[in-house]
Each structure stands twice: as structure tokens, then as C-alpha cells.
Amino acid sequence: MHTSVYGRMEYKYLNQIEYPRDLKQLPINALSAVCDELRDFIIQELSHNPGHLASSLGTIELTVALHYVFDTPHDKLIWDVGHQAYAHKILTGRRARFSTNRQFKGLAPFPTPQESEYDAFISGHASNSISAALGMEIADELQQVHRNVVAIIGDGAMTGGLAFEGLNNTSMDRNNLLIILNDNNMAIDPIKGGFTQYLVDITTSERYNKWRWELYRLMNRLHIIDEKKTTNLRRFSNNLKTILTKQPSNIFQSMNIRYFGPADGHSVTDLVRILSEIKNHQGPKVLHIITKKGKGYKPAEQNQTIWHAPGKFDPETGVRNETGQTPVPLWQDVFGDQLLALAQKDKRIVGVTPAMPTGCSMCTMQQVLPERVFDVGIAEGHAVTFSAGLAKDGILPYCNIYSTFMQRAYDNIVHDVALQNLHVVFCIDRAGIVGNDGATHHGLFDMAYLRPIPNMQIAAPMTKEDLEEMMEMAVHLDGPIAIRYPRGKSVQRSKSASAPIPAVEYGKGVLLREGQDIAVLSIGAIGNAVNEAIDQLAARGMSIAHWNMRWLKPMDTSILDFAGTHFSQVVTVEDGILNGGMGSAVLEYFADKGYTCHVKRLGIDDQFVEHGSPEQLYHLLGLDAEGIIGALEQLKS
């Protein structure tokens, strides 16, 4: 198939393919080899430039078939979550740059129209493809543009409410949308719930579905049915199973969306044949394909959760380059260990997560107390309202949602939790800059969007001990509490005997360093970068006071009063958007009290932040120790 040297590959077909038009020049019997080469290319590239491996391995045949059959970029492919779109990138002019994928100033981690005309819609969050694709399909109808629009959605993303809202609208409107349901029984972790079992039931009807498809093709060739008469055709398709099997139509057929499948998602020639035959069918349709996440790479097939994003690895042996245990655990592991400890003491405590038990380390409790952990699927709004229902009847839910995904549940937080002042503990993982997943995944807005909500209490730990104590304190509070913490390694609290740092108190910050020149107020883990900056400035003769605020709401007004009356220069530091964040809260308080000190806010300006390592991005934003030093020195001068 190819000869290879580490880091530089030669292929018989892949090196000839720059764009889909080149792929179309190949005979159909060459496509299987193209898939093999794509699979090898992705494995080799991701072995030393980590990314989302298993999902993209599972969609290689589908991707090749789509670009072989459809006229992209005129025809539109809308990917639901870009984890599955690496082969798409490689076939659409980005193979030579694929080594920069997810790197600072390199290719974006997910499909985005800003990068390529082949990326029809942004796809960082799950469940949006059907709605977006339907909008594009209807826009084409209104403007009399003739093209195919295809939504590619995984079965994990189908658990999201937005996907069902899109299906409902698709069934009502006149359109020719094609939805491809990529069924592999996986999100990051194995997916659970009734819809998953429902797809299993559909799959067991494979013989019937194949027979129905062949009967339809025969009747169409004999002109017994008219493809253009979509109403009668859909009724024929939808009622056939009921007549012959005395069983109801499946959910798609019941919604007047024509169903095809299930098909083998790893037979590229079968997919080309099926897509060629159904692409011009009138009316909305679903093609259900069965795939295996990690297909073609044995380690990824055997452990799909770990190989979703495995980090660096040896492509020949499948051995991952794990650094081993570190003295300080990841923030998510601090959460997981503390949640289990608290749950073992208090039977009211349960864990709720939207498809992230491993990602947030709720799997620690799940292994010991499985009956008290609820993975609700990719359904953040439901996770919040489900938690509200638990709390309303005396259970204490710790609902863990990544900051960027919490945005999807905003009304549920306001209407279902805060308005009733229910005791739900929101543990907001991946707050702040998350790194290589980029703008769709940074957790920059949670402080700003949670702060205005009445009854909401908001805390942010600077150290692992802060997080443990905040989680324990939350057991004894009333109403909703949000505890936000970042991705990556946690930081241990200083154990200096001369100046021990006190434990967390409700609504109280803590003075970390005394000083006379400038007062710095930080919140959350970014306070560790502030400490580093102040240490270096102290050696240069600057005297800077530093408070770790710990709580955004309620805020420690005693600290604000002291800083506002004793310092002419006050600096706030946060790893969130400045509009509406902690710095805004400080300015509002100072304005109400009439304090006239100058306030400099350090945080994220009014922008979306690109992808790159956290170190690169914090440096770019001026929020690493070097950037904070520069800002403080400028004030002093």
C-alpha cells in the first residue's frame, strides 16, 4: 500500500488527492485502498500530534463515500461534532498542513467555515447539525439554489434535545435534507438510555430493511411508484412494515422522514451505491449506518474511551506515552475523589453528568456507587432540570458540566433551579482556557453569565484544597452553588508555617501577601500565576498586596472596602471574559461606594480565543506570570 518513514509517509493514492475532485477521478474499486491509506495517515499523524483519534477512524469510509458521491463544496456536509471529521479535512486541501492540527496558529480542531469552504458550518458542540442543515436546505429552497445538504450526526449526539427539535421541524417542512445517523454506541464513554436500545432494535430488523429497500428499488424501476409524489411514497415506505410485520414504523418513519438502513458503515462501495441512489430522492430522509469507533486500529477498537483522545503513542505497538502518576492530581480527579468521599458520608448525594463520567472523573464514584451516578447522555439542559427535580424532593445532586457546555442549559439554570432556590451543586469543569480544542471549548463565560442570576452562589478554587473544602461546604449550604475550576494539574496550597493559609470560609477571601504599592484581587486558579509574578516583582523592590477572593458571589466586601480606601491602584485578575466578570463586579461596587482608586482589569477582552496550548494562549492574552508582571510594572511607572 505504501512505504513509510516516521513522520513522512508515501502513499499510492493519497498523495494524488488534494481535493475531492481528485478522489472522483479514481475507480470505485480503489476507494477501499484510499480508506486504508487515510486510516494509516491519521494514526501516524496523531501518534505524535495528539488529537481525537477513534471517532475519525470510525468515519473514514463514510467520508470517502460522501466526497465521492456529492459535489462538495457546492453540496454541503454539516458534521455534528468535528471529532469525526479528520478524514474530511485531509481530503479537502489540508493534508499537507494536517501536522499543525490543533496547534497554535495551525489547523482548527474542528470544522469551521473560516478555515475552508468545505466546512459548511462550525461543529464543536454536539446535536446542532440537523437544525443547521435544515436551515441551509430551506434557505436554498427559498433562493432556488439546487444542491444537496447532508447532516452527519452520531448516535451520542442524537440524545441531545436540539437534535429532536431539528427532526421535528424537518418532518414538518418541505425539504430534501439527508441525515446520516452514524451509530457506534459511543460518545466519549459508552452511551446509555432508551434511544440507544431503540437503535439496537432497529438494527435487528436488518433483513426486513434490506428487503424493503430492494422492493422499493424494483417498484421504482417499474414505475409502480413515482419518486416525485413524495406524500404517497412516504406513506408506502412508512406503512409497509406495519402491513407485513404488524409492528409500528420506527420513529423516523412515524415522523414522515424516510428511513434507509441499517447499512455497513465500513463498506465504502456499499455506501457509494446507497448514497448515489438516495441523494436525489424527494423529501427528508435518514440513512442509518453502523460503524465501530476506532475501526482499523486494534488498541482503539478495544478501549474506545481512552483512545477517543489518547495523547501521544507508538503507532506500531499502541503503547501510550503516559507520564505516570504526579504528586498533584488533575483538577477533575480532585473533584472525583472528593465527590466519592462526600457521597460515602451522605446518602443524599448523587452525581449527574451529561455523557462525561470519565472526562470529569465522576467514574470514580460510578465504580463504587453506580446506583447513585446518572449519566444522562449529551443533554445538558436535561441534566440541570433533572438535578432540579432530584433536589426538589430531597436529594443533593452534584451536577458536573464543562463550562462551555453549561452555556447550553442557561434557561434551565435560571427557571428550574435558581427561581426555586433549589439546592443543586454545579461543578463546572474546564473553566478558563482549555487549550487545543479552541474557541468552541474554552470556558470563558461562566462567571459573567452566572453572576446576574438571583440566588446563585459562585466559588472558584485556587488550590486543590480549596476545591475539596468548597465541595464539602456546599453540602451544608442552601440554594444553587457553582464551583468553577480549570483543566489540567491542580496546585497544592502552600504549607508555610510562618503564614499558613486558612481554610475556605463562606463568602470570604484570603490575604496571601501584604503590600503597599498595588492591590491585586484574583479569583480561581489564575491566582497561582499572580503569585509567581508578585514573587518576581518583590525581588525588584515592588510591594504588592494579593488577595485570593475565592468567592465571586457573595463577594468579600471587607476586602473591597480595604482595597478601595487604602490603595490608589487596584488590579483584578480572572481567567474569564471581562464583560460582566469579577472585575466588573469590583468596578460596580467601587462606583456604588464612591471609591476613586484606579482599577485595572486583567482577563479576556471581548473576543473568541483561538486554539493552542494553555501556556501559549495565556501568554498571548497577557495572563501568564510574564504578562501580569508587565501590567503591574506599567502601573508602577
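Me: Are helix α16 (residues 380-392) and helix α18 (residues 410-418) roughly parallel or roughly antiparallel?
Reply: The two helices (DSSP runs of H or I, at least four residues, numbered from the N terminus) have axes 9 Å apart, at an angle of about 5°. Axes are lines fitted to C-alpha atoms over the stretch in contact, and angles run from 0 to 180 degrees between N-to-C directions. Because angles under 35 degrees count as roughly parallel and over 145 as roughly antiparallel, the arrangement of α16 and α18 is roughly parallel.

Me: What pLDDT do local features need in this model?
Reply: Residues are numbered from 1 along each chain as its sequence is written, and side-chain values use heavy atoms, without hydrogens and water. This is a predicted model in which totals for chains, interfaces and linings use all residues, side-chain atom pairs count only at pLDDT 80 or more, and local features need pLDDT of at least 70.

Me: Is leucine 369 buried or exposed?
Reply: Leucine 369 lies in the loop between α15 (363-368) and β9 (373-375). Leaving aside neighbours within four places in sequence, leucine 369 is in contact with Leu340, Ala343 and Gln344. With a relative accessible area of 14%, and with the limit for buried set at under 20% (exposed is over 50%, partly exposed in between; 1.4 Å probe, protein chains only), leucine 369 is therefore buried.

Me: What percentage of the residues count as buried?
Reply: The protein contains 25 helices and 19 strands (E, at least two residues). One of its strands is β7 (residues 285-290), which holds histidine 288; this histidine 288 counts as buried at 0% relative accessibility. Of the 637 residues of the protein, the share that count as buried is 60%.

Me: Where is valine 81, a residue with positive phi?
Reply: Phi of valine 81 is near 75°, a positive value in a residue other than glycine. Valine 81 is buried, with a relative accessible area of 14%. The place of valine 81 is in the loop between β3 and α5 (86-94).

Methods
Parallel < 35°, antiparallel > 145°, perpendicular 65-115°, else oblique. Contact = heavy atoms within 4.5 Å.
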